[in-house]
Amino acid sequence: MTFSIGIVGLPNVGKSTLFNALTKAQNAQAANYPFCTIEPNKATVAVPDARLRVLTDLARPQKTTPATVDFYDIAGLVRGASKGEGLGNHFLAHIRECAVLIHVVRCFEDDAIVHVNGGVDPLRDIESIETELLLSDVQSVERRIERLRKQAKGDAGARTALEGMEQLLAHLDHGRPAIRFELPANDAFHGAWRELGLLTAKKVIYCANVHEEALSGGAGVQAVWDFAAARGAETACICAKVEEELQGLDAQEQKDLLAAYGVTESGLARIIRAGYRSLGLISYFTAGEKEVRAWTIREGSKAPRAAGAIHGDFERGFIRAEVIAYEDYVRLKNEAACRSAGVMRTEGREYVVKDGDVIHFLFNV
C-alpha cells in the first residue's frame with residue numbers, strides 16, 4: 001500500500017520549499033510572496049529504510065523497490081479562507097483523500113520573508129489553519145445534510161445517516177474536530193462519513209520549520225511540541241533550507257552535514273517515520289534474485305492480509321508463509337543459510353506479521 005501525506009499551512013511558512021526539498025522535485029515554485037502555489041503538487045517518494053539497502057547488498061537482486069509515500073502540496077491557507085479570503089479553500093479537496101496531514105508551522109524569524117499575519121507566532125498560526133480546516137468540514141457536512149434530507153423521505157438508511165450527520169454538525173459547530181466525534185453505530189452513517197474525507201478527522205504531524213541553528217529545539221519549537229503533546233499528535237522539527245542543501249550530496253556527505261547541525265537523519269525520514277507511527281504502519285520485505293522489495297501494511301496484519309499487499313490473489317489463495325526475521329537474514333547472509341539453520345519458519349493464516357520480516361508467500365488460486 002502507498003499512503004499519502006497532505007501538506008498544509010499558511011503562505012510563506014516553507015511548505016513549497018519543504019516539498020521541493022523532500023521530494024527532490026523542484027516543481028513547486030518557492031517564491032517570497034503569498035499564494036505562489038496555485039495548483040496542488042504531487043510527488044511520490046521512496047521511504048528511507050536502511051534495511052532495504054542491507055538486504056539488497058546480501059541478495060544482489062536485479063532490482064530494488066522501496067515502499068513509497070505520496071506528498072501533496074496545496075496553496076497556503078489564510079484566516080477567512082472558508083469565506084474566500086486569499087485563494088479560498090477549494091484546494092483542500094485535493095488532500096481529502098490523504099491519510100495524514102503535515103501541518104508546517106513557521107518557527108523562524110526572517111525580515112526578508114513576509115509573514116501574512118505580520119509576525120511569527122506558531123500557536124496563533126496553528127489556530128488559524130485549524131479553524132479553516134474545521135470550517136471546511138462544517139461546509140462539507142452541511143452539504144451532505146441537505147442531500148440526506150431529500151433522500152430521507154423514502155429511505156430509512158438515509159434517515160439514520162441524517163441523524164448522525166446532524167449530531168456531527170453540532171459537534172463541529174462547538175469548535176471540536178471530527179477526530180473527537182464518537183461515531184454512532186450504524187452502517188449508513190459510516191458510509192457517508194468515509195465519503196466526506198473530513199480534514200479534522202485525519203491524523204496530524206506538526207512540523208516546525210526552523211533556522212539551521214534551532215534544529216535541536218527552541219522556544220517557538222517547544223510551544224509547538226507542547227501543543228502537539230496535548231493532542232496526542234506526532235511532531236517533526238525540520239529546516240527546509242538544510243533539506244535543500246542535502247539534495248545532490250552522497251550518503252556520507254549527507255551524514256556529515258546533518259551531524260554538523262546536531263541531527264542524525266533527514267527531515268524526510270523523520271516525517272515519514274512519524275506518519276508510519278500515526279497510522280500504525282510497518283514494513284515487511286520480500287527478497288530474491290529478481291527483486292528486493294519493501295511492503296507497507298498495518299501493524300497487526302495477519303499473513304493473508306499482508307500477502308494481499310502484493311496481490312489480491314495472494315490473499316485469496318493463501319496457503320502458508322515462509323518467514324525469516326530480518327536480524328536472522330542479516331546474520332546468516334541468505335535464505336538458504338537461514339533454512340539450513342532452522343530459522344526460516346512456516347507460518348499459517350493466524351500469524352501476525354512483524355516489522356522487518358522477510359517473507360515468501362505460497363498461494364494457490
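## Ground rules

Because this is a predicted model, local features need pLDDT of at least 70 and side-chain atom pairs count only at pLDDT 80 or more, while totals for chains, interfaces and linings use all residues. Residues are numbered from 1 along each chain as its sequence is written, and side-chain values use heavy atoms, with hydrogens and water left out.

## The chain as a whole

The protein chain holds 13 helices and 12 strands. Here helices (H or I, at least four residues) and strands (E, at least two) are DSSP runs, numbered from the N terminus. Of its 365 residues, 51% count as buried. Buried means under 20% relative accessible area, exposed means over 50%, and partly exposed lies in between (1.4 Å probe, protein chains only).

The accessible surface of the chain comes to about 17,500 Å², and 49% of that belongs to carbon and sulfur atoms. These areas come from the Shrake-Rupley method with a 1.4 Å probe; for residues, only the protein chains shown count as cover. Among contacts (heavy atoms within 4.5 Å) between residues at least 6 apart in sequence, 68% join residues at least 24 apart.

Which strands pair with β4? Strand β1 (residues 3–8) pairs with β4 in the parallel sense, over five bridges, and phenylalanine 3 has valine 69 as its bridge partner in β4. Strand β2 (residues 41–46) runs antiparallel to β4 and is joined to it by six bridges; here alanine 46 has threonine 68 as its bridge partner. Two strands count as paired if DSSP finds at least two bridges between them.

## Two residues with positive phi

Most residues other than glycine have a negative phi. Asparagine 12 is not a glycine, yet it has a positive phi of about 65°. You can find asparagine 12 in the loop between β1 and α1 (15–23). With a relative accessibility of 14%, asparagine 12 counts as buried.

Lysine 333 is not a glycine either, and has a positive phi of about 85°. Lysine 333 sits in the loop between α12 (326–332) and α13 (335–341), and is partly exposed, with a relative accessible area of 47%.

## Leucine 58 and its contacts

Lysine 333 also turns up in the surroundings of leucine 58, a residue of helix α2. Leaving aside neighbours within four places in sequence, leucine 58 is in contact with Tyr329, Val330 and Lys333. At 27% relative accessibility, leucine 58 counts as partly exposed. Leucine 58 and glycine 288 are 230 residues apart in sequence, but 9.8 Å apart in space, C-alpha to C-alpha.

## The largest pocket

Rolling a probe the size of a water molecule over the atoms shows where empty space is left. On a 1 Å grid over the protein atoms alone, a pocket is an open set of points with protein on both sides within 12 Å along at least five of seven lines, a cavity is a set of points where a 1.4 Å probe fits but cannot get out, and lining residues have an atom within 4 Å of a point. Grid points are joined across faces, edges and corners, and a volume is the space filled by probe spheres set on the points.

The largest pocket has a volume of about 1,000 Å³. Its lining has 37 residues, and Pro48, Asp49, Arg53, Ser266 and Ala269 lie nearest its centre. Elements giving two or more residues to this lining include α1, β2, α2 (50–59) and α9 (267–279).

## Two cavities

How many cavities of 30 Å³ or more are there? The count comes to two. The largest cavity, with a volume of about 40 Å³, is lined by Ala287, Glu322, Ile324, Glu335, Met344, Val358, Ile359 and His360. Strand β12 gives the most to this lining, with three residues.

The second largest cavity has a volume of about 30 Å³. Its lining residues are Val47, Asp49, Leu52, Pro66, Ala67, Ser283 and Ala294.
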